[in-house]
Amino acid sequence: MATAVLARPARSLINVVQCVRLIRTQATVMFAKENYEYDLVVIGGGSGGLACAKQAVQLGAKVAVLDFVKPSPRGTKWGLGGTCVNVGCIPKKLMHQASLLGEAIHDSQPYGWQLPDPAAIRHDWATLTESVQNHIKSVNWVTRVDLRDQKVEYVNGLGYFKDDHTVVAVMKNQTERELRAKHVVIAVGGRPRYPDIPGAAEYGITSDDIFSLPQAPGRTLLVGAGYIGLECAGFLKGLGYDVSVMVRSILLRGFDQQMATMVGDSMVEKGIRFHHRSRPLAVEKQPDGRLLVRYETVDEAGTATNGEDVFDTVLFAIGRQAETGTLKLANAGVVTAEGGKSDKLEVDETDHRTNVPHIYAVGDVLYRKPELTPVAIHAGRIIARRLFGGSEERMDYADVATTVFTPLEYGCVGLSEEAAEAAHGKDGIEVYHAYYKPTEFFVPQRSVRYCYLKAVALREGNQRVLGLHFLGPAAGEVIQGFAAALKCGLTMQVLRNTVGIHPTVAEEFTRLAITKRSGLDPTPATCCS
């Protein structure tokens, strides 16, 4: 009996020991699974990636950002901050401003400003590029300091996946460092494409190079008629250079085509030449250092003819490709869009997850999403808030406003006329339009031929506005406020009942009264009636 009584505690003790061992084993397994060095690793130090990283740290996460710039074929490289800061929005806007200032100098004479010799005024390319690069470097520095102050670890290395939770950073000295993370955000952005023709990469440049080009560009050929090509063509012409644009198909693909045509026509009026239905065949360097471009032009009947011309600079702006090729996505199980055929990533609309649950993507790397800096920033912050802040908000990619900074700027938000017609039928929409005359253009007698705007609306009821389009000075400043109104359900009734600020170009939206359907002349007689 005594023996039996003593055995019971012994068996109980054995059970307790076994239970403890089981708990320890399970804890070890769980700890191994959760033993991550970082809560979040962001691959890519552009606008979207940095916004995500900083927001995550503010919510208590431990975060590292990897960023490394591979030099362009010409050898151009830059600092932290991504495309926008270094070779995109910021330097583009500064050079656009330089171009506008040149025009303003000549406009100032009729306003009474006395210039010593207007014909002798010249622009100095070296001064401009130095000023632009100095500003960019200051932003690079501030960005690094900001990351340090916010406790975001910056790793200057090229990242790739070892597995779905391990990112490897290849450092400048080719050593490698592994970072284990619970979550990973891919924010590597994109780089310009080169055409597959002889001499393109050897002798041509892209938007990666133009803003720090050591010598004046001289006579320049822009290949491509998207917004990057047209913006570069515009500011180069404004700075006094001879500029031609080679267009394979249409201008500003994806934008309203009436507005795109008017943008092109306004650039022709400025003296920019367009080679339509043309494509380059080869770029050859001549003994004098200039570039001979051989090209093909196809007429409307389909007959091809060859031509050639000589330029000092050839800039390719034929599109961009996502920088996913070096990520070794297969190691993490990530599949690109179109079943792996695309270089871009398709993500879940709710939380930006890729096909791997804890790997996300943001910015220009996304498939069929707007490639715009504010979009990437907004989406990056939302990802962080969903991961670490318990937020349930979603990124809204509809009705994102944008502006093309051509000499006469084009700003838009919402649907193009073509898209609205496709969605609602020709009889289901009403298009209000008007030409207008900016007050600032009167005294210097600048052309107002292409100053134009339109509102695309539903035809029935209060006529909800589907899209707004504006061609003229300060288009970005004009369209931003109307973008907020459109997101709030703007109708033509509300627009017509809004009193405009006079005299401004923005007030022209409140004066829209003539529809295309009416056939009436949308040209105003005066500025004040």
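Start with helix α4, which gives the lining of the second largest pocket its largest share: eight residues. Keep in mind as you look around that this is a predicted model. Helix α4 runs over residues 89-107, and along with α8 (227-238) it is listed as supplying at least two residues of that lining. In total, 20 residues line the second largest pocket. If you want to find the middle of this pocket, look for S99, G102, E103, G238 and L239, which lie nearest its centre. The space inside comes to about 470 Å³. What sort of residues make up the lining of the second largest pocket? Nine are nonpolar, seven are polar and four are charged.

Now hop over to D208, which you'll find in helix α7, covering residues 207-210. Is D208 buried or exposed? Its relative accessible area is 3%, so D208 counts as buried, the cut-off for that being under 20%.

Over residues 400-512, the chain is 23% helix and 26% strand. And how far apart are the end C-alpha atoms of this stretch? They are 22 Å apart.

Methods:
Residues are numbered from 1 along each chain as its sequence is written. This is a predicted model: local features need pLDDT of at least 70, side-chain atom pairs count only at pLDDT 80 or more; totals for chains, interfaces and linings use all residues. Side-chain values use heavy atoms; hydrogens and water are left out. Helices (H or I, at least four residues) and strands (E, at least two) are DSSP runs, numbered from the N terminus. Buried means under 20% relative accessible area, exposed over 50%, partly exposed in between (1.4 Å probe, protein chains only). On a 1 Å grid over the protein atoms alone, a cavity is a set of points where a 1.4 Å probe fits but cannot get out, and a pocket is an open set with protein on both sides within 12 Å along at least five of seven lines; lining residues have an atom within 4 Å of a point. Grid points are joined across faces, edges and corners, and a volume is the space filled by probe spheres set on the points. Ala, Val, Leu, Ile, Met, Phe, Trp, Tyr, Cys and Pro count as nonpolar, Asp, Glu, Lys and Arg as charged, and the others, Gly among them, as polar.
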